[in-house]
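Please look over the sequence and the 3D structure shown here. A short report follows them.

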Amino acid sequence: MTMDLPLIWAGVIAFSVLVYVILDGFDLGIGILFPFVKIEAGRDQMMNSVAPVWDGNQTWLVLGGGALFAVFPLAYAVIMPALYVPIIVMLLALIFRGVAFEYRFKTRRKFVWDASFAGGSMLATFAQGIALGALVQGIPVANRAYAGGWWDWLTPFSVLTGAALVVGYALLGATWLIYKTEGELQRAAYRFAWIAGTGILAMIGMVSLWTPFLNENYMARWFGWPQVLYVMPVPLLVALCAFALYSGLSTKRQLLPFLASLGLFILSFVGLLISFFPYIVPSSVTIWSAAAPDNSLAFTLVGAAVLLPIIALYTIHAYWVFRGKVAASGGYR
Amino acid sequence: MEGLDALLLARIQFAFTISAHIIFPAFSIGLASYLAILNGLWLLSGRGVFLSLFDYWKKIFAVAFGMGVVSGVVMTYQFGTNWSVFSDRTGPVLGPLMAYEVLAAFFLEAGFLGIMLFGRERVGRGLHFFATLMVALGTLLSAFWILSANSWMHTPAGYAVNDAGQFIVTDWWAVIFNPSFPYRLVHMVLAAYLTTAFVVGAVGAYHLLHDRQRPAARIMFSMALWMAALGAPLQILAGDLHGLNTLKHQPAKIAAMEGHFETAAGAPLILFGIPNAAEERTDYAISIPKLGSLILTHDPNGVVRGLKEWPKHERPPVGIVFWSFRIMMGIGFAMLGIGAWSLWLRYRRRLYDSTWMHRAAIVMGPSGFAALLAGWFTTEIGRQPYTVYGLMTTAESVSAIDAAAVGASLAAFVVVYFAIFGAGTYYIVRLMRRPPELAEPGLPAGEALLVTKPI
């Protein structure tokens, strides 16, 4: 029996990156919205709405890095040096974000860790968006190593994707707060969601129109005939999600805006996969040329196949335990 | 010259970030197990004092664990950013071990951490205890996988090399259970337990100095010193076995640890001295004749190889290995002494009354961290100039990144780590200075698993 293990693994890694973006997306989004909520009780609620789950959410980022190292070591060895600055900035920013959960309730000078939480979340998100944009632009490779310059990652396109991710995570954070809170904080969250939702739709449009002009493969994938027929559902579904988001917000639904925002993220991610395939480092290294030998992939896949469903079960269970509207106290304290 | 500088900066950055990191997981490995034991004792005995202790150490665990998580994410990506050639070539072997660490350990810890910290009222006592056990299991599984990966770099086994120059696996069992792994795992887990025990003991002693009657302080002090009395001798034995394993696989490291330049039959044990790498001798050596051979070969006239057996470019830096080994050993024997002293005091029924012991325990509180770092310095610097021992050098492993970029990131890590982890350490010490709450009410009559008479 022959299985296309690199392809399966590309799917598993794409899945973990998507789960990371969605789950840590609303954690980071709450951090991005932090400066816009002035009342301390509201901030306490915001933080407690993710306190029990943020660490698990961030673990998907560790899985993304670890699995890339295991399965596509060449891609890992090329992408990380190419994106050296944004990756290091992201790691440092995540430190400021992560410790704020623990430190904030241990001092009277909360404002220090409020700033650490908000600034860390914003900077980490921006760096992730820049890294994504730089990857979409393509990374040159020679002799199994990165062959570009040290500032290649910084372009108008990558700054746009960085800003788009900040707005996108803010939307996830706002719609999560709609779902998890009530009263004044929830009313503020509806307002945030209107603004961020409109902003992200505009930015999705800009990135989508710009991307095909970066590279001929992207252009052929999206506008070539008859491929355009296969990819057409993506923009149509985006329009559907946008409609669901707006109608959910105007009819004050609790969960629909969050689900619609998730839909926007999933569709944008699928759009990226359509553009990338079959490259893992556009347009230098395909998933097959980056892959480790099959026995490494198979060995790791056994673990993933057994453990990922178990992880899914206890992660869902943790969300279930902490279900319902969040109270002002009851998290870290 | 510029290439060399970038290499040195990348090495300093790795050494700095991993040294800062290992402090927290070592503490959380020990503390997670301690919390599981406290939680279990509470359920078994029904005594509220165990719940008070659990809640007390839980808060400290949360801060330490948080610092471990954020500094750990850095490690996951640093292999790729700064050691990309190493990553490309060893990925097929080491990557899967690290992926298993994430899948089996990190998710387990993170998935049950929320319930352990915040969920006792929501899920009930039984499931809450289960969550505590899962967090403890997660920390141990994490140690298992990452030490397997680290050990493979010291004693590679079960591999071949493909056309692209990558290490590939021929035998997973041989890779995972490579020759130095069992010794390193036992030595490290014992180190984590001892380190934690001395922290717990110091906190107990601090509160006993203020009030000898405090039951929670007595219990944590006593438990910690049982760990010291039993764990320290075991650790010295484990360390000796680990050393013999190192002699077999990395004799140059042993030669540096011992300060031996000359190969000799009946080699002395050098207690102190100043290794002089340039002149290839250890100056001012105070040594015991034949003891070196006796310890290493179990024969007073056994042959012990010295550093001159290897060309200079294959030798590890001798000074730092020699000294860090002695710091680790010195602390280990001091721990043994505290453990023995505690047994004597127990026999005299003066464990809670001896203020000298309490003061000594406070002084020894942070000693485990120093020993841990010294031990890692010994083994990691002692395996230089290689990343994969004998097969791939550190210089070959590094990413081709400008010295300026690495220097900037190193400076940023240093500033951020001192500020952030300094603040965290301050909060932890402040939590420790508060005494545990007076005992929580015990379990209602009939709900404890073991019926005990009230004390």
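## The model and its chain contact

This is a predicted model. Start where chain A and chain B touch. Chain B gives 55 residues to the contact, and chain A gives 53 residues.

Which parts of chain B supply at least two residues each to the side that touches chain A? They are α2 (48–82), α3 (84–118), α4 (120–123), β2 (167–169) and α15 (403–433). The largest share comes from α3(B), with 23 residues. By type, this side of chain B has 37 nonpolar, 15 polar and three charged residues.

## Two helices that cross

Two packed helices are described by the angle between their axes and the distance between the axes. Take helix α4 of chain A, residues 73–82, and α3(B). Their axes come within 8 Å. They cross at roughly 145°. The crossing of α4(A) and α3(B) is right-handed.

Several residues meet here. From α4(A) come A:Pro73, A:Leu74, A:Tyr76, A:Ala77, A:Met80 and A:Pro81. From α3(B) come B:Ser84, B:Val85, B:Ser87, B:Asp88, B:Gly91, B:Pro92 and B:Gly95. The residues of this contact divide into eight nonpolar, four polar and one charged.

## The largest nonpolar core

How many residues does the largest nonpolar core have? It has 258 residues. A:Ala75 and A:Val78 have the most contacts inside this core. The helix that gives the most to the core is α3(B), with 22 residues.

Now look at A:Val78. Neighbours within four places in sequence are left aside. A:Val78 is then in contact with A:Ile139, A:Val141, A:Ala145, A:Tyr146, A:Val281 and A:Val285.

## A covered helix in chain A

Helix α2 of chain A spans residues 40–50 and is mostly covered. Nine of its 11 residues are buried. The buried residues of α2(A) are A:Gly42, A:Arg43, A:Asp44, A:Gln45, A:Met46, A:Met47, A:Asn48, A:Ser49 and A:Val50.

What covers the buried residues of α2(A)? The cover includes α1 (5–33), α3 (54–71), α5 (84–103), α6 (110–137), α7 (156–180) and α8 (183–210) of chain A.

Helix α12 of chain B covers residues 355–364. Its buried residues are B:Met357, B:His358, B:Ala361 and B:Met364. Why do these sit on the same side of α12(B)? Because they cover an arc of only 125° around the axis.

The face turned away from the buried side of α12(B) carries the exposed residues B:Thr355 and B:Trp356. The buried residues of α12(B) pack against α7 (181–210), α11 (318–347) and α13 (367–382) of chain B.

B:Ser33 is in helix α1 of chain B, residues 2–45. Is B:Ser33 buried or exposed? A residue counts as buried if 20 or more other C-beta atoms lie within 10 Å of its own. B:Ser33 has 21 within 10 Å, so B:Ser33 is buried. Not counting residues up to four places away in sequence, B:Ser33 touches B:Ala136 and B:Tyr193. B:Ser33 and B:Gly273 are 240 residues apart in sequence and 40 Å apart in space, C-alpha to C-alpha.

A:Thr2 lies in the segment before α1 of chain A. The cut-off for an exposed residue is 12 or fewer. A:Thr2 counts as exposed because it has 5 C-beta neighbours inside 10 Å. C-alpha to C-alpha, A:Thr2 and A:Gly66 are 25 Å apart in space, and they are 64 residues apart in sequence.

Definitions and conventions: Residues are numbered from 1 along each chain as its sequence is written. Chains are lettered from A and ligands numbered from 1 in the order in which they are written. This is a predicted model: local features need pLDDT of at least 70, side-chain atom pairs count only at pLDDT 80 or more; totals for chains, interfaces and linings use all residues. Two residues are in contact if their C-beta atoms, placed from the backbone, lie within 7 Å. Helices (H or I, at least four residues) and strands (E, at least two) are DSSP runs, numbered from the N terminus. Ala, Val, Leu, Ile, Met, Phe, Trp, Tyr, Cys and Pro count as nonpolar, Asp, Glu, Lys and Arg as charged, and the others, Gly among them, as polar. The arc is that of the directions from the helix axis to the C-beta atoms. Axes are lines fitted to C-alpha atoms, for helices over the stretch in contact, and angles run from 0 to 180 degrees between N-to-C directions. A crossing is left-handed if the near helix is turned anticlockwise from the far one by less than a right angle, and right-handed if clockwise. A nonpolar core is a set of buried Ala, Val, Leu, Ile, Met, Phe, Trp, Tyr and Cys residues joined through C-beta atoms within 7 Å.
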